[in-house]
Amino acid sequence: MHIKPLSYFLFFLIIGSSINISAQAQRKEKIFTKQDTLRGSIGEGRQKWNVLHYDITVEPNFEMKTISGVNKIKYWDEGVKLMQIDLQEPMQIDSVISANGSIKYYREKNVYWLMVRDTAAMYKIKPGPASLTIYFSGKPKEAKNAPWDGGWIWKKDEQGNPWMTVACQGLGASVWYPCKDSQADEPDSGAVLRIIAPDTLMAVGNGRLINTKELSDQRKEFVWKITAPINNYNIVPYIGKYAQIADSLAGEKGNLTMDYWVLKYNEEKGRNNLGDAKKMMVSFEYWFGPYPFYEDGYKLVEAPHLGMEHQSAIAYGNKFKNGYLGRDLSGTGWGLKWDFIIVHESGHEWFGNNITSKDIADMWIHESFTNYSETLFTDYYFGKQAGNEYVI
């Protein structure tokens, strides 16, 4: 049967509308809860205080899949009365201490309400710099399909050594440590991450390693310092049998340290297959300006999942292959000329880590520009036609 073009259009318009109506009828309506509102909004408990610094200590128990730790939060107090601290079940806060003594609190599922000003004496506390020390413990949600579902990752490497880290972008950092879990409030003065691990392993964090300390029971504390503001979900520990491959680049703002932390048995692969990191840096500094975190350096850290844009400590799990685990997602051939995870996740250092959306609903700011950075990388090294073919 021959149908004229206009008839074609009307026919498919009617069919499409019928399918859409049917789909809407069958689709379950999303019911938002109070917990969704608390997680996604800047409610009263997130107002009148601004995070200045996090000092996080964490110690995992690999066999039990539990963690314990402390978060010392420095903040600017503007008169907050009932403070919202996020920590997702089944993790728990054990105690909260301030300069004025213990803070009372109560729990509402994934939110703790801290009664910062609940007495006449505490109402007299003047606005200004303040601090809280929050002790926490529990069995954090385990990621089943990281980085997409999120949570703590408990794995063993090919030689049977413990290999641990976290991926929690969508789920939120409160899946493992207490914080103001909102992209709208990064710690202005950065953070310190203190990782306690067996002394047979190495613990890698964001920023720079400033101290290591031997502890009792064959444990060691690794102290990493981040000077720049940082998203909550970007602060992560990596614990494993790591080797360091140290490198540097004469970049736009001077000497930039570029370190690659890989499992020891992958050291040769790392030396031979991570060259795209420096190529990426040259290209992106050309397009976007200096790498945003010279003070904290740049690191790639081998991870037991595909990858994530953890600021100054990019999670890398592309198995030292070009493309996306050896595949070209663009279907043009250009995607097999370079390592997708190195280029894409590092692009987030500019878009996502340096320029951050206040609301997770605006994640297009992170993902769209970073997606386009792949095209610009292709253009820089293979020409404009290659870039045009790739982006299409």
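**An enclosed helix**

Modeller: Let's start with helix H6, residues 340-347: eight of its eight residues are buried, so H6 is largely enclosed by the rest of the structure. Buried means under 20% relative accessible area, exposed means over 50%, and partly exposed is in between (1.4 Å probe, protein chains only). Helices (H or I, at least four residues) and strands (E, at least two) are DSSP runs, numbered from the N terminus.

Biologist: Before we go on, what kind of model is this?

Modeller: This is a predicted model, where local features need pLDDT of at least 70, side-chain atom pairs count only at pLDDT 80 or more, and totals for chains, interfaces and linings use all residues. Residues are numbered from 1 along each chain as its sequence is written, and side-chain values use heavy atoms, with hydrogens and water left out.

Biologist: What do the buried residues of H6 pack against?

Modeller: They pack against helices H5 (276-288), H7 (364-382) and H8 (384-391), and also against strands E18 (298-302), E19 (307-308) and E20 (314-316). Contact here means heavy atoms within 4.5 Å.

Biologist: What makes Asp-339 a cap for H6?

Modeller: One of its side-chain oxygens lies 3.1 Å from the backbone nitrogen of Ile-341, at the N-terminal end of H6. A polar contact is a pair of N or O atoms within 3.5 Å; within protein, one must be able to donate a hydrogen and the other to accept it, and residues adjacent in sequence count only if both atoms are side-chain atoms.

Biologist: And H5, how does its length compare with what is expected?

Modeller: H5 has 13 residues and reaches 17 Å from its first C-alpha to its last, close to the 18 Å expected at 1.5 Å a residue. The expected span is 1.5 Å times one less than the number of residues. Asp-276, Ala-277 and Met-280 are among the buried residues of H5, and what covers the buried residues includes strands E16 (242-251) and E17 (254-263). After H5 comes Gly-289, with a positive phi near 95°.

**Cores and sheet**

Biologist: What makes a group of residues a nonpolar core?

Modeller: They must be buried Ala, Val, Leu, Ile, Met, Phe, Trp, Tyr and Cys residues joined through side-chain atoms within 4.5 Å. The largest one here has 59 residues, and Met-83, Ile-85, Leu-114, Trp-176, Tyr-238 and Tyr-242 have the most contacts inside it. Its largest share, five residues, comes from strand E1 (residues 49-61). Apart from this core lies another, of 31 residues, including Leu-274 and Ile-341.

Biologist: Why do E5 and E13 count as edge strands?

Modeller: Eight strands form an open, mixed sheet in the order E5-E4-E8-E2-E1-E11-E14-E13. Strands E5 (101-102) and E13 (208-215) each have a single partner strand, so one side of each is left without a neighbour in the sheet.

Biologist: How do you know that E1 and E2 pair?

Modeller: Two strands pair if DSSP finds at least two bridges between them. E1 and E2 (residues 66-77) have twelve, in the antiparallel sense, so by that rule they pair. Ile-56 stands opposite Asn-71 in E2, and Thr-57 stands opposite Val-70. The two strands form a hairpin with four residues between them, and Lys-65 in the turn has a positive phi of about 55°.

**Residues to look up**

Biologist: Is Asn-232 called buried or exposed?

Modeller: Buried, because its relative accessibility is 4%, under the 20% limit. Asn-232 is in the loop between strands E14 (219-226) and E15 (238-240). A polar atom of its side chain lies 2.5 Å from the backbone oxygen of Lys-180.

Biologist: Why is Arg-219 called partly exposed?

Modeller: Its relative accessibility is 22%, which falls between the 20% and 50% limits. Arg-219 lies in strand E14, and its side chain reaches the backbone oxygen of Ser-216 at 2.9 Å.

Biologist: Why don't Cys-168 and Cys-179 form a bond?

Modeller: A disulfide is a pair of cysteine sulfur atoms within 2.5 Å. The sulfur of Cys-168 is 8.5 Å from its closest cysteine sulfur, in Cys-179, so that is too far for a bond. A search of the whole structure finds zero disulfides.
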